[in-house]
Amino acid sequence: MAEIKSLDELAQRVADARAYLHIDQKQEELARLDQEIAAPDFWNDTAHAQSVSKQASNLRDSIAEYDEAVALLEDARTAAELASEDPDFAAEAESAIEALGPKLDDLEVASWFSGEFDAGDAIVTVNPGQGGLEAQDWTEMLYRMLTRYCEKKGWKVRPLDVVPGEGIGLDRASFQVEGRNAYGMLRSENGVHRLVRISPTDAKARRQTTFAGVEVLPVLPDDIEVDLNMADVRVDVYRSSGPGGQCVNTTDSAVRLTHIPTGIVVTCQNEKSQLQNKEAALRVLKAKLYELEQQKRADEIDELRGEVMANSFGSQIRNYVLYPYRLVKDTRSNIESGNVDAALDGDIDEFVIGYHRWRASQ
């Protein structure tokens, strides 16, 4: 009887998932995109073709995940019916039910990322805040944490501008993340991160509070127009200072773009050539200008990046305490964990999901 009740509850969750995931609309949109892809001249515009193909792939993945949940539900129902005649099917029904629960949880998470750019790629920048050399070290720790998290999610990480600090750590770090829902997921990390620990550089081993800021921007699709006049952009080239591939540090391949009207400065040095660095820097600049325009038009900036706060005490979104006790706590969702080492090694899914669950409830 309990098993039937469980199946009824799961069946309702599957029905709810079809509604909140907008499966019918996605199927219609996928059919439209597939028709466009089948056109003989589809690949004449390569950039547009790649964008459309990616949209179709994301829709196909979303529909396939829902179909997997439906199949598990049917398997569980069939096995439960057969279990009355053959007890061996009871274990099969239980196995399908156990697999369906987490699958529906994943579908719920996916439903939160319905923003215009949520399904796409992200540009992440980490900058030191208050704390001097300690902040540079904290910047490197955060950079490692975030890139490790992305790698564990199966996303591709591409460094754009990783600059060593003087003595220790990083002066700044910027990287592009490519993967499904990368921007939507990583929005949880936008803001100030606070570290409390015994200073590794202080001879007296005193406790130190350090800050670093994380900025998360979407990689804009090619069909998004940004008002950018290249006459307003000063382009400087220089020799790369950070780690990189062959030719880095031997040629003037690093690029700095300065948007004169706004004062926005973007640098990129981790690609192999000056042209590639310029193209990457332009993507970042366009994302920043788009965000700035959104700010001017409305107070909906939280849809893209969240509230911007100073890299100092009282503005942090998450605290990482290594001394006098060990705890990671998100100040928004109140999710906390005593396993600080795991979090700093990239195991932050509970904080990412916790933030989005909290945000969805607001």
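Guide: A residue is called buried under 20% relative accessible area, exposed over 50%, and partly exposed in between. Please keep in mind that this is a predicted model.

Visitor: What share of the chain counts as buried?

Guide: Of the 362 residues, 45% count as buried, with the cut-off set at under 20% relative accessible area. The accessible surface of the chain comes to about 18,500 Å², and carbon and sulfur atoms hold 48% of that surface.

Visitor: What makes strand S1 and strand S5 a pair?

Guide: Two strands pair if there are at least two bridges between them; strand S1 (residues 122-128) and strand S5 (residues 207-218) are joined by seven bridges and run antiparallel, so they pair by that definition.

Visitor: Why are S2 and S11 called edge strands?

Guide: The open sheet has eight strands in the order S2-S3-S1-S5-S4-S9-S10-S11, with mixed pairing. Strand S2 (156-164) and strand S11 (336-337) are its edge strands, as each pairs on one side only.

Visitor: How do you know which residues make the contact between helix H2 and helix H3?

Guide: Contact means heavy atoms within 4.5 Å. The axes of helix H2 (residues 23-37) and helix H3 (residues 46-83) come within 9 Å and cross at roughly 145°, and the crossing is left-handed. The residues in contact include Leu-30, Leu-33 and Ile-37 of H2, and Val-52, Leu-59 and Tyr-66 of H3.

Visitor: How many residues of this contact are nonpolar, polar and charged?

Guide: The contact of H2 with H3 divides into nine nonpolar, five polar and five charged residues. Leu-30 of H2 and Val-52 of H3 are among the residues of the contact, and both Leu and Val count as nonpolar; Lys-26 of H2 and Arg-60 of H3 also take part, and Lys and Arg count as charged.

Methods
Residues are numbered from 1 along each chain as its sequence is written. This is a predicted model: local features need pLDDT of at least 70, side-chain atom pairs count only at pLDDT 80 or more; totals for chains, interfaces and linings use all residues. Side-chain values use heavy atoms; hydrogens and water are left out. Axes are lines fitted to C-alpha atoms, for helices over the stretch in contact, and angles run from 0 to 180 degrees between N-to-C directions. Helices (H or I, at least four residues) and strands (E, at least two) are DSSP runs, numbered from the N terminus. A crossing is left-handed if the near helix is turned anticlockwise from the far one by less than a right angle, and right-handed if clockwise. Buried means under 20% relative accessible area, exposed over 50%, partly exposed in between (1.4 Å probe, protein chains only). Accessible areas come from the Shrake-Rupley method with a 1.4 Å probe; for residues, only the protein chains shown count as cover.
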